[in-house]
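The briefing below is meant to be read alongside the displayed sequence and structure.

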Amino acid sequence: MSHRPESREAGVGSESPNLDFAGTTPYEDYVRADVLTHLQHPLSDDPGEMVFLVTTQVMELWFTVIVHEWETAGQALREDQLPVAMDALKRSVRELEALNASWRPLSQLTPTEFNAYRAALGEGSGFQSAMYRRMEFLLGEKSSSMLVPHRGAPRVHAELEKALHQPSLYDEVLGFLARRGHAVPRAVLERDLSQRYEPSAEVEEVWAEIYSGDRDADLARLGEALTDVGELVWRWRNDHLVATRRAMGAKTGTGGSAGVAWLEKRAVKYVFPELWTARSRV
């Protein structure tokens, strides 16, 4: 029988935590902290690279949970479970706020500081993130060309290809509105899901009607939850743009992207477009 000196102090009613476990701690078994904290392998001697690397990995984790929330919301809407969808959307708003705050450690990088380890990135670039691409697909920003960088990773490529052909979160919303009796055009409901969503004047009219009346208060709340998501996505893109502009100006981005010029085009786009334009008609 092993001697456990802590057991007398950590018994029932004791204020001391249990410190003696046969294997790894229950916390480690659940969180896998040892795995997470040993995934950092800087490729330069600059101490600032560790901040860049960890911040990027944290962003990937937030992408993962946000994708989970939006897929949960989409599934709930498909099953006409609006409260479940609303809960997932509200959680994703708080998670997007945390994701956006992840820019703070990198938001004031000078060109000299970034150049100290930029070469270590090689051709690596954020636009190659598969999980971020799944986020964009869920927002209706579909593009088959964005699967190309992942051809060498069969599992990742298959997941992205599946997501490309699945309904976006907004597609699920519009299907739900149609089942609630709103005049969402058939052309929108039956569109090619692998293509980028394009704004519709008829969908704009649907949202204007929802916001103008009292009978669809729950749908107006859905619209506001989506607007919160859309606003935070817009802020994410702008924070990315500003951080990049500060760190590297107008130089070509890592991975051969157009850098700031490419991000500027992304920053002016709003997701769920009719939710924004319909406000002028209310």
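## Briefing on the predicted model

Arg32 sits in the loop between helix H1 (26–31) and helix H2 (33–36), in what is a predicted model rather than an experimental one. Although Arg32 is not a glycine, its phi is positive, at about 60°, and with a relative accessible area of 47% the residue is partly exposed.

**Overall architecture**

- The secondary structure of the chain comes to 13 helices and zero strands, so that the order of elements from the N terminus on reads α-α-α-α-α-α-α-α-α-α-α-α-α.
- Among contacts in the chain with a separation of 6 or more, 71% are accounted for by residues 24 or more positions apart.

**Packing of H3 with H6**

- Helix H3 (residues 48–78) and helix H6 (residues 130–138) pack with their axes 9 Å apart and at an angle of about 30°, and they are therefore roughly parallel to each other.
- The crossing of these two helices, H3 and H6, is left-handed.
- On the H3 side the contact is formed by Glu60, Phe63, Thr64, Ile66, Val67, Trp70 and Glu71, which meet Met131, Tyr132, Arg134, Met135 and Leu138 in H6; by class, the residues of this contact are eight nonpolar, one polar and three charged.
- An α-helix has 3.6 residues a turn, so residues three or four places apart point the same way.
- Ser129, in the loop between helix H5 (111–118) and H6, counts as buried at 8% relative accessibility, and, leaving aside residues up to four places away in sequence, Ser129 touches Glu60, Phe63 and His150.
- Val54, also placed in helix H3, is partly exposed, with a relative accessible area of 32%; Val54 and Tyr117 are 63 residues apart in sequence, while their C-alpha atoms are 14 Å apart in space.

**Packing of H4 with H11**

- The axes of H4 and H11 come within 10 Å and cross at roughly 20°, an arrangement that makes H4 roughly parallel to H11.
- This crossing of H4 and H11 is left-handed, and the residues of the contact divide into 14 nonpolar, two polar and six charged.
- Asp80 is found in the loop between H3 and helix H4 (82–101), where its phi is positive, about 60°, although Asp80 is not a glycine.
- With a relative accessibility of 43%, Asp80 counts as partly exposed.

- The buried residues of H8 are Leu169, Tyr170, Asp171, Glu172, Val173, Leu174, Gly175, Phe176 and Leu177, and the helix is followed by Gly181, whose phi is positive, near 100°.
- Helix H10 (residues 201–212) has twelve residues and reaches 16 Å from its first C-alpha to its last, close to the 16 Å expected at 1.5 Å a residue.
- Within H10 the buried residues are Val203, Glu204, Val206, Trp207, Ala208 and Ile210, and what covers them includes helix H8 (169–179), helix H9 (186–189), helix H11 (217–248) and helix H13 (273–277).

- Not counting residues up to four places away in sequence, Leu147 touches Phe137, His157, Leu160, Glu161 and Leu164.
- Leu147 and Leu36 are 111 residues apart in sequence and, C-alpha to C-alpha, 27 Å apart in space.

Technical notes: Residues are numbered from 1 along each chain as its sequence is written. This is a predicted model: local features need pLDDT of at least 70, side-chain atom pairs count only at pLDDT 80 or more; totals for chains, interfaces and linings use all residues. Side-chain values use heavy atoms; hydrogens and water are left out. Axes are lines fitted to C-alpha atoms, for helices over the stretch in contact, and angles run from 0 to 180 degrees between N-to-C directions. Helices (H or I, at least four residues) and strands (E, at least two) are DSSP runs, numbered from the N terminus. Angles under 35 degrees count as roughly parallel, over 145 as roughly antiparallel, 65 to 115 as roughly perpendicular and the rest as oblique. A crossing is left-handed if the near helix is turned anticlockwise from the far one by less than a right angle, and right-handed if clockwise. Contact means heavy atoms within 4.5 Å. Ala, Val, Leu, Ile, Met, Phe, Trp, Tyr, Cys and Pro count as nonpolar, Asp, Glu, Lys and Arg as charged, and the others, Gly among them, as polar. The expected span of a helix is 1.5 Å times one less than its number of residues. Buried means under 20% relative accessible area, exposed over 50%, partly exposed in between (1.4 Å probe, protein chains only).
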